[in-house]
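Student: Before we go through this model, could you explain the terms as they come up, and set each value against the criterion behind it?
Tutor: Gladly; here is the model, and we begin with the word "pair".
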Amino acid sequence: MSAAAEIVFDHVTKRYAGRDAPALDDLSLEIPAGTFCVLVGPSGGGKTTALKMVNRLIPFDSGDIRIDGRSVRDLPLTELRRGIGYVIQQIGLFPHQTVGENIATVPRLLGWPKRQTAERTVELLELVGLEARDAERYPAQLSGGQRQRVGLARALAADPPLLLMDEPFGALDPITRFRLQTELRRLHREVGKTVIFVTHDVDEAIQMGDRIAILREGGVLAQYDTPDAILAHPADDFVAQFVGEDRALRRLALRTLRDVTLEPGSQSEPGSRVSPDTTVRNAVSLMLETGDEQLVVVDGDRVLGVFHLRDAGELL
Ligand SMILES: Nc1ncnc2c1ncn2[C@@H]1O[C@H](COP(=O)(O)OP(=O)(O)OP(=O)(O)O)[C@@H](O)[C@H]1O
Ligand SMILES: [Mg+2]
């Protein structure tokens, strides 16, 4: 497998024994290498099933799943799973092993020299925002958010080209969750892996995904596109309802003032001062709160330009 893998679901169908409705119905999805792809949808839509078919924890009935052009059915199971980092909610850390030992699970299986494994462990702890000395601690001595970071570090240990993540942040408080979401996005930019990330939270999907696949009940793909395209043009009523009536505001949240054309302005310009990293949604919210028609975008002492309330409408 390459540094980041291309994943293709090709007309995949799955029926569990004793159930009439398929869990996944003719799913076709192309995920280009390096994409952060989010599977989202209501409970029972087949998200976990789709994910577990990639590493063959669940067999499928028909169709095919290919990683870099090779069917997962043709890959030896050990080779397949070593190429995949798998992160699931809450579970998974070995309680009687230290954080360091947990992270080194796959390198140990692969027979890496001790020193290389130790160096990699420290590197990963830093990458996920923990400290080198946390390696000595046990999972029970960590907070939920810290455990989740260890799970992520363990999944990344042997540098797999594909990460599968099933609601990894579901059990976290909103603040920890936001922090880990931000970090995972940064990490994705840095390490450039292909990620398939499952959530039932549409906000999380919009914030995290380069592309979003929306699965509806019965395992039917309702829409597959970029967050902006889905918010701007929901494929049908189901998608429109799922992404919410405030989808226009959600689109504005995808952009910051750095991404929009500002009108030139000087220091004497009236209006609140905001950083270019402010989202357009927050800029609008601020203007509605203060009653101003415009904001001045500043970088330290430098005025970058002026953003008007009416500009927001034009962006949609
Ligand atoms: N082992 C199983 N045997 C029978 N049916 C199953 C099994 N696992 C899942 N299902 C059914 O398949 C469908 C899809 O389940 P799946 O777990 O993939 O949904 P999901 O989208 O991950 O839902 P959630 O958001 O609740 O995690 C559901 O109707 C579920 O009841
Ligand atoms: Mg699930």
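Tutor: Two strands pair if DSSP finds at least two bridges between them. The model is a predicted one, and within it 6 strands form an open sheet with mixed pairing, in the order S6-S7-S8-S3-S9-S10.

Student: What makes S6 and S10 the edges of this sheet?
Tutor: Strand S6 (84-88) and strand S10 (220-225) each have a single partner strand, so one side of each is left without a neighbour in the sheet. Neighbouring strands here are turned by 15° against each other on average, with direction ignored.

Student: How do you know that S7 and S8 pair, and in which sense?
Tutor: The criterion asks for at least two bridges, and strand S7 (residues 162-166) and strand S8 (residues 194-199) have 5 bridges in the parallel sense, so they count as paired. In S8, Phe-197 is the bridge partner of Met-165.

Student: What is the strand order in the open sheet of 3 strands, and which strands stand at its edges?
Tutor: The order is S11-S12-S13, again with mixed pairing. Strand S11 (272-274) and strand S13 (302-308) stand at the edges, because each has a single partner strand and one side of each therefore lacks a neighbour in the sheet. Strand S12 (residues 294-299) pairs with S13 in the antiparallel sense over 6 bridges, and Val-298 stands opposite Val-303 in S13.

Student: Why is helix H1 called mostly covered?
Tutor: A residue counts as buried when its relative accessible area is under 20%, and 6 of the 8 residues of H1 (residues 47-54) are buried. The buried residues are Lys-47, Thr-49, Ala-50, Leu-51, Met-53 and Val-54. Just after H1, Arg-56 takes a positive phi of about 60°.

Student: What makes the approach of Ser-43 to ligand 1 a polar contact?
Tutor: The cut-off for a pair of N or O atoms is 3.5 Å, and a polar side-chain atom of Ser-43 lies 2.5 Å from an oxygen atom of ligand 1, so the pair qualifies. A polar side-chain atom of Arg-19 lies 3.4 Å from an oxygen atom of the ligand, while for Gly-46 a backbone N or O atom lies 3.0 Å from a ligand oxygen atom. Taken alone, ligand 1 exposes 630 Å², of which the protein buries 63%.

How values were computed
Residues are numbered from 1 along each chain as its sequence is written. Chains are lettered from A and ligands numbered from 1 in the order in which they are written. This is a predicted model: local features need pLDDT of at least 70, side-chain atom pairs count only at pLDDT 80 or more; totals for chains, interfaces and linings use all residues. Side-chain values use heavy atoms; hydrogens and water are left out. Helices (H or I, at least four residues) and strands (E, at least two) are DSSP runs, numbered from the N terminus. Buried means under 20% relative accessible area, exposed over 50%, partly exposed in between (1.4 Å probe, protein chains only). A polar contact is a pair of N or O atoms within 3.5 Å; within protein, one must be able to donate a hydrogen and the other to accept it, and residues adjacent in sequence count only if both atoms are side-chain atoms. Accessible areas come from the Shrake-Rupley method with a 1.4 Å probe; for residues, only the protein chains shown count as cover. Axes are lines fitted to C-alpha atoms, for helices over the stretch in contact, and angles run from 0 to 180 degrees between N-to-C directions.
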